[in-house]
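Here are some notes for reading this model alongside its sequence. Please keep the structure open while going through the points.

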Amino acid sequence: MQKRMRGKTCLYSILFVAGSLLQLSASAQFTQYSNEFLNIGAGARGMAMGNAQVASVSDGTAGYWNPAALANVRDLPQVSLMHAEYFAGVGKYDFGNLVLPLKDNKRTIGITLLRFAVDDIPNTIFLIQPDGSVNFSNITTFSSADYALIFTLAQQSKLRSGEQFNFGGNAKIIYQSAGDFAHAWGFGFDAAIQVIGNRWKLGVVGKDVTTTFNAWSFSLDQAVQEVFYQTENLIPGKTLELTAPQLIFGGSYSFRFDKRVSLLVEADVDATFDGRRNTVVSGNPVSLDPRLGLELSFKDVFFVRAGINNFQQVLDDRDTTNTRKIWIYQPGIGAGFKVGDVQIDYAFTNLANQSYPLYTNVFSLRVDLRQKAKKGVPAR
């Protein structure tokens with residue numbers, strides 16, 4: 001009874017958040033696209049499937065996609081790693097997490113670290129001297145980096161009808177920096193549920209349910225401030241960014257052709273509440289962005305994946321009048337294979353630009369940490 005009550009409480013909390021978002025978005029001044037690096041994705045599997053993961057995810061990357069689904073990791077600790085590069089290696093994106101099932105196998109905890117950074121950015125503030133001459137020796141470099149440390153707790157339960165019911169949440173610590181000039185700390189929370197049937201799964205994730213904030217502070221010495229003043233640039237002060245809550249709904253179904261081959265289909269809808277966005281359904285304050293992913297599995301050992309997401313309407317480059325618009329999107333394909341306790345995945349995507357495609361290769365690794373057996377004692 002207590003388990004069912006806890007599950008119901010979490011479900012009611014999600015529904016309450018959904019009903020409160022419209023009123024909240026009307027009264028708060030949110031920063032649009034704040035902490036957008038947290039929407040890139042995690043794991044080559046999910047990125048190959050067009051980021052459609054909120055329902056079907058069942059491994060350590062659930063700490064990113066759906067914290068409730070982390071309850072599916074049982075028996076063995078799990079480590080996941082991912083690396084991707086954007087804009088010909090200019091931007092680097094890394095993901096890593098550690099998942100620890102507790103002894104009762106009904107609760108799971110996870111720690112996730114994300115980093116997106118652009119390194120070696122030229123600092124040309126002092127390139128031009130007061131007399132108008134150019135001094136290239138004054139050029140230095142700095143990095144602009146975003147970090148997120150995510151703590152996840154998930155628990156498994158059962159519905160009266162027999163379906164597995166998972167619920168969980170994230171606590172996020174965010175750190176952002178732009179060289180020695182600017183730093184920000186942020187904090188936020190996510191809440192989620194997942195329902196698992198025979199061949200189907202449903203998931204709902206509420207990101208930043210309490211509104212995530214980033215407090216920025218700036219460290220500009222007198223010389224830098226003088227250059228800003230002379231060039232009529234604004235000298236920034238302390239600022240506060242507010243990230244609006246976000247809801248993601250998803251459902252998946254597994255078609256079993258025979259004992260060896262199955263096809264997983266998932267469709268998600270991402271609802272944002274920070275104002276009008278360039279999405280399929282673009283409104284103020286609600287915008288809706290669909291995602292679709294497919295995964296073909298052979299003996300649950302070899303996988304082929306495809307997906308599509310990030311639909312946007314842009315001006316057609318071939319139209320000289322600059323009036324005609326076309327729809328663009330972000331496709332993804334990938335593959336993966338599993339050998340024993342190790343799974344390696346690969347994804348190939350571009351950044352939603354069909355005219356000038358910016359292709360990205362994503363690699364990820366998952367390892368189940370099986371304990372070595374002692375003499376006379378079987379391994380876990």
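The points below cover the nonpolar cores, the aromatic pairs and a surface patch of this predicted model.

1. The largest nonpolar core holds 28 residues, and Tyr64, Tyr93, Leu114 and Val362 have the most contacts inside it. Several elements supply at least two residues each to this core, among them α2 (44-48), α3 (62-65) and β1 (78-86). There is also a second, separate core of 8 residues, including Phe165 and Leu247.

2. Tyrosine 64 touches residues beyond four places away in sequence, including Leu38, Ile40, Tyr93, Leu114 and Lys207.

3. The model has 14 aromatic pairs. In one of them, the ring centres of tyrosine 93 and phenylalanine 116 are 6.2 Å apart with the planes at 55°, so the pair is tilted. Tyrosine 93 lies in strand β2 and phenylalanine 116 in strand β3, 23 residues apart. Tyrosine 93 is buried, because its relative accessible area of 0% is under 20%. Phenylalanine 116, at 17%, also counts as buried. Ring pairs join Tyr86, Tyr93 and Phe116 into a cluster.

4. Tyrosine 175 and tryptophan 185 form another tilted pair, with 4.8 Å between centres and 50° between planes. This pair links strand β5 (residues 164-178) to strand β6 (residues 182-196). Tyrosine 175 is partly exposed at 22% relative accessible area, and tryptophan 185 is partly exposed at 46%.

5. A nonpolar patch on the surface includes Leu81, Phe298, Phe337 and Leu365, and its residues together have about 780 Å² of accessible area. Strands β14 (302-315), β15 (325-339) and β16 (342-350) each supply at least two of the patch residues. Phenylalanine 337 lies in β15 and is partly exposed, with a relative accessible area of 39%.

Methods. Residues are numbered from 1 along each chain as its sequence is written. This is a predicted model: local features need pLDDT of at least 70, side-chain atom pairs count only at pLDDT 80 or more; totals for chains, interfaces and linings use all residues. Side-chain values use heavy atoms; hydrogens and water are left out. A nonpolar core is a set of buried Ala, Val, Leu, Ile, Met, Phe, Trp, Tyr and Cys residues joined through side-chain atoms within 4.5 Å. Buried means under 20% relative accessible area, exposed over 50%, partly exposed in between (1.4 Å probe, protein chains only). Helices (H or I, at least four residues) and strands (E, at least two) are DSSP runs, numbered from the N terminus. Contact means heavy atoms within 4.5 Å. Patches are made of residues with over 30% relative accessible area and no salt bridge: like charges are joined within 9 Å, nonpolar side chains (Val, Leu, Ile, Met, Phe, Trp, Tyr) within 5 Å. Accessible areas come from the Shrake-Rupley method with a 1.4 Å probe; for residues, only the protein chains shown count as cover. A salt bridge is a side-chain nitrogen of Lys or Arg within 4 Å of a carboxyl oxygen of Asp or Glu. Rings of Phe, Tyr and Trp (its six-membered ring) pair if their centres lie within 6.5 Å; planes under 30 degrees apart count as stacked, over 60 as edge-to-face and the rest as tilted.
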